[in-house]
Amino acid sequence: MNTPHYIAGRWAAGEGTEILSVVDPALAQPFAELRAASTAQVDQAVAAARQALPAWKSSAPAERARYLSGFAAAIGGRRDALIELQMRNNGKPRHEAEVDIDDAVATFAYYADLAAGLADQQNRPVALAAPGFSSHTRLEAIGVVGLIVPWNFPLVTSAWKIAPALAAGCTLVLKPSEVTPLIELAYGQIADELGLPAGVLNIVGGKAEVGAALSAHPQIDKLSFTGSNAVGSRVMHSAAEHCRPVTLELGGKSAIIVFDECDVDQAIEWIIAGICWNAGQMCSATSRLLIQNGIADTLLPRLADALNAVRVGNPHVGNPLNEEIDMGPLSSEAQWHKVGDYLAIGQQEQLNCLAGGQPLARQGWFVAPTLYADVPTDSRLWNEEIFGPVLCARRFDSEAQAIDLANDSRFGLVATVASADLQRAERVAAALEVGHVWINSVQAVFVETSWGGTKGSGIGRELGPWGLAAYQSVKHVTRCLG
Ligand SMILES: NC(=O)c1ccc[n+]([C@@H]2O[C@H](COP(=O)([O-])OP(=O)(O)OC[C@H]3O[C@@H](n4cnc5c(N)ncnc54)[C@H](O)[C@@H]3O)[C@@H](O)[C@H]2O)c1
Ligand SMILES: C[N+](C)(C)CC=O
């Protein structure tokens, strides 16, 4: 890949010093490499976005809606290629890669609709208690936005930022993760195909240096970052230097709470989906399992059996068994070492391991789905985001105790409540300090609902109308009628 950066409507070769290796994690083998952008190219991308801003910001919302619908259709048109690339570069099983495409398509289609409705919302009068004045509201694009994303759901996390930013009238510079630097290039190709005005959407690939240059850039009006807390904190520091806004979608250590009256088989399905989807590499992984005492002795051994039965394998397109796997490898060697370190800590802490507990001895970066029972609340595994298929369980007696345990975390992204008593489930959902709660469900995410965390899991919300508002600036025009 010789020209992997999209700047001012042109494809450019990288001028940075770093080489990014694009790896198939199931084989632990690189299949492409590319040169990162230089910081001068970051400047060029931001300058292009700045130049494109006045026209794009003042374009008719209906025109922006047409482009967004075009993105939705064109992603759908690339479905097979994007599925295969995600399987190959992320190690996702086919059915998971399909869900990501559907999510990206739905996101662009949804924000096309919201953009189409923007004209009606412009200049709406505000009722004032004071006589003698009138006021109306203008919703304006925030400006040039820098979007920095991780590798675990590359197409989706980018769509959640690009679509509302374009709908609002912002121009943007996207920095994909160095682990998955090819997948989001589809957005540049689509921009080309649709004739999106040059500079409205720019993509610069690279590692920390490129992200840092983008987040510190004086010509950026807002940063939206999805990734780790460590880097999110740096991005926020850079934003603070310029007193500009940030949206941060960070890590999690989310709880799934299973009450006595829950059906065991259904609970196992939700628990496994919450920890094995994307091999546990989800910000929203429900990696802390809280089980009520009355069901724990039945549930735990059956859960261990079910985890041992998860079909872990190579999702590679060339593998004839690729349709029959439930879970692929971890997406990178670094992540495999990180998860392996936590499994070693689990051994040192002599945790009660009921399933897995080891990286798998085979080619590729595979880890067995792992379950530790009765994990102490001061264990590192109980408190830290592992980002792998590692589940820590504890028992509880009462509803109040479950809520306290679930809320006892520096994170607050999501939670799942499993209970046949819906009044109880709603009560617990209301008491949880998180941004999204599922009741008796796998982690279904709908574009109309919000996404984002409380506490250390981030600042702001994506998706729904809140995701659009994140790229809008509110202005009031007040007139004296006298
Ligand atoms: N809350 C959410 O919606 C959500 C979604 C997906 C992932 N995540 C989180 O992302 C993390 C995993 O992803 P990751 O390993 O790619 O995260 P990461 O923080 O290492 O990297 C995220 C992005 O930041 C860039 N980056 C690295 N150093 C930078 C710097 N100094 N300045 C600016 N940018 C820099 C990276 O190149 C990458 O593009 C997990 O903590 C996970 O919980 C959160
Ligand atoms: C934000 N989401 C749900 C796509 C992925 C979390 O890691």
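This is a predicted model: local features need pLDDT of at least 70, side-chain atom pairs count only at pLDDT 80 or more; totals for chains, interfaces and linings use all residues.
Colleague: Which domains does the chain have, and where do they run?
Modeller: The assignment gives two entries. Domain 1 covers 5-250 + 457-480. Domain 2 covers 255-439.

Colleague: How many residues does each domain put into the contact?
Modeller: Domain 1 gives 27 residues. Domain 2 gives 31 residues.

Colleague: And how far apart are the C-alpha centres of the domains?
Modeller: They lie 31 Å apart.

Colleague: Now the area. What is buried between domain 1 and domain 2?
Modeller: About 2400 Å². Carbon and sulfur atoms give 57% of that.

Colleague: Which residues of domain 1 lose the most area to domain 2?
Modeller: A26, W151 and S457. Together they make up 22% of what the domain 1 side buries.

Colleague: Switching to charges. How many salt bridges are there between the domains?
Modeller: Zero between domain 1 and domain 2.

Colleague: And how many residue pairs are in polar contact across the interface?
Modeller: Nine, with both residues of each pair at pLDDT 80 or more.

Colleague: Back to domain 1. Which elements give two or more residues to the side that touches domain 2?
Modeller: Strand 3 (19-24), helix 3 (79-90) and helix 4 (94-116).

Colleague: Which one gives the most?
Modeller: Helix 3, with five residues.

Colleague: Last one. How do the residues on that side of domain 1 divide into nonpolar, polar and charged?
Modeller: The side touching domain 2 has 12 nonpolar residues. Another eight are polar, and seven are charged. Despite those seven charged residues, the salt-bridge count between domain 1 and domain 2 is zero.

Notes. Residues are numbered from 1 along each chain as its sequence is written. Chains are lettered from A and ligands numbered from 1 in the order in which they are written. Side-chain values use heavy atoms; hydrogens and water are left out. Domain bounds come from an automatic or database domain assignment. Contact means heavy atoms within 4.5 Å. Buried area is the accessible area (1.4 Å probe) that two parts lose on being put together, summed over both. A salt bridge is a side-chain nitrogen of Lys or Arg within 4 Å of a carboxyl oxygen of Asp or Glu. A polar contact is a pair of N or O atoms within 3.5 Å; within protein, one must be able to donate a hydrogen and the other to accept it, and residues adjacent in sequence count only if both atoms are side-chain atoms. Helices (H or I, at least four residues) and strands (E, at least two) are DSSP runs, numbered from the N terminus. Ala, Val, Leu, Ile, Met, Phe, Trp, Tyr, Cys and Pro count as nonpolar, Asp, Glu, Lys and Arg as charged, and the others, Gly among them, as polar.
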